[in-house]
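User: I'd like to learn how to read helix packing and salt bridges in a model. Can you walk me through it?

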Amino acid sequence: MSHPAMTDPSHSRGHPGPRGVGSSAEEAELPTRDSELPHPPTGRDRSLKKGTHTMAVAQQAPINFAVMYATHDAFRRDMRRLAAAVAAGRSQSPEVRDGWANFKHQLHVHHTVEDSDLWPRVAAAVAGRPADQKLLDEMEAEHAQLDPVLASVDDGLARNTPDLADRVAELIRVLGDHMKHEESEALPLIQDACTTKDWDAFRGAMARKQGPKGAAVYFPWITDEQNETDRKAFLDTMPAPVKVLNKLFWESSYKKRHLWGI
């Protein structure tokens, strides 16, 4: 999850533009035989394309998943805060409600962009691999499974139901299991099947979804309560201007909101 300028510049790739043609028949060399005309891709063409992708994966440096791990950790931290607030009888406070609203927003952005811009790329890379395709189906199903669980917590908070703690515990279980499954199986699959260009495209889509205003909340939300090692691993994936903005402006604005009453 990153800002538009947050894609690691070491992963960017250039590509040549199309060759120009003349503005007249005399300047352009037109095909004169059927063999020179464009033709649909053959099985061999598709195999060559797939082989090129496989070679690119094999030759690249490992994908850096620090942003993904940091985002998952932020979700876990907020769920702990929600459970603590419910246990302490503070679930109706404005700060807890604001913390819950931000949690839901960050989760919505995260899963929406995974569904639209990450899993389809992985699916294309593992075409013809049934076991890997099954894993992607499981990721999609787990995302859908979260919707009623989130709605249940929403309802419990709105009505301050006696079983609110149980509803929160179910959220912690369902989302926790999903993130563990993603980290243990889906991320290794992405490492095996995708290129850094694929990963950077996903991060770019996440940045566009967040937008500049969203980034001003997302970054201090991630660094909130991070230890120095994790904070450095996360911020090292970002350009220097983002680190400066977070340190000088975003973190202070975020702290003033006292999300979760902290």
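Analyst: Below we take helix packing and then salt bridges. This is a predicted model, where local features need pLDDT of at least 70, side-chain atom pairs count only at pLDDT 80 or more, and totals for chains, interfaces and linings use all residues. Residues are numbered from 1 along each chain as its sequence is written, and side-chain values use heavy atoms, with hydrogens and water left out.

User: How do helix 2 and helix 3 cross, and at what angle?

Analyst: Two packed helices are described by the angle and the distance between their axes. Here helix 2 (residues 66–87) and helix 3 (residues 94–125) have axes that come within 11 Å and cross at roughly 150°. Helix 2 is therefore roughly antiparallel to helix 3 (over 145 degrees counts as that). Axes are lines fitted to C-alpha atoms over the stretch in contact, with angles from 0 to 180 degrees between N-to-C directions. Helices are DSSP runs of H or I, at least four residues, numbered from the N terminus.

User: Which residues in helix 2 and helix 3 meet?

Analyst: Contact means heavy atoms within 4.5 Å. On the helix 2 side, they include M68, F75 and L82, and on the helix 3 side W100, F103 and L107 are among them. By class, that contact has ten nonpolar, five polar and two charged residues (Ala, Val, Leu, Ile, Met, Phe, Trp, Tyr, Cys and Pro count as nonpolar, Asp, Glu, Lys and Arg as charged, the others, Gly among them, as polar).

User: Now the charges. How many salt bridges does the structure hold?

Analyst: Side chains of opposite charge can pair when their charged atoms come close. A salt bridge needs a side-chain nitrogen of Lys or Arg within 4 Å of a carboxyl oxygen of Asp or Glu. The structure holds 17 of them. In one, R81 meets E225 at 3.4 Å, N to O. That pair links distant parts of the chain, with R81 in helix 2 and E225 in the loop between helix 6 (196–223) and helix 7 (228–235), 144 residues apart.

User: Is R81 buried or exposed?

Analyst: R81 counts as buried, at 9% relative accessibility, while E225 is exposed at 56%. Buried means under 20% relative accessible area, exposed over 50%, and partly exposed in between (1.4 Å probe, protein chains only).

User: What separates R173 and D177 in helix 5?

Analyst: About one helical turn, because R173 and D177 are four residues apart in helix 5 (residues 164–193). Their side chains meet in a salt bridge at 3.7 Å, N to O. R173 is partly exposed at 40%, and D177 is partly exposed at 45%.

Note on methods
Helices (H or I, at least four residues) and strands (E, at least two) are DSSP runs, numbered from the N terminus. Angles under 35 degrees count as roughly parallel, over 145 as roughly antiparallel, 65 to 115 as roughly perpendicular and the rest as oblique.
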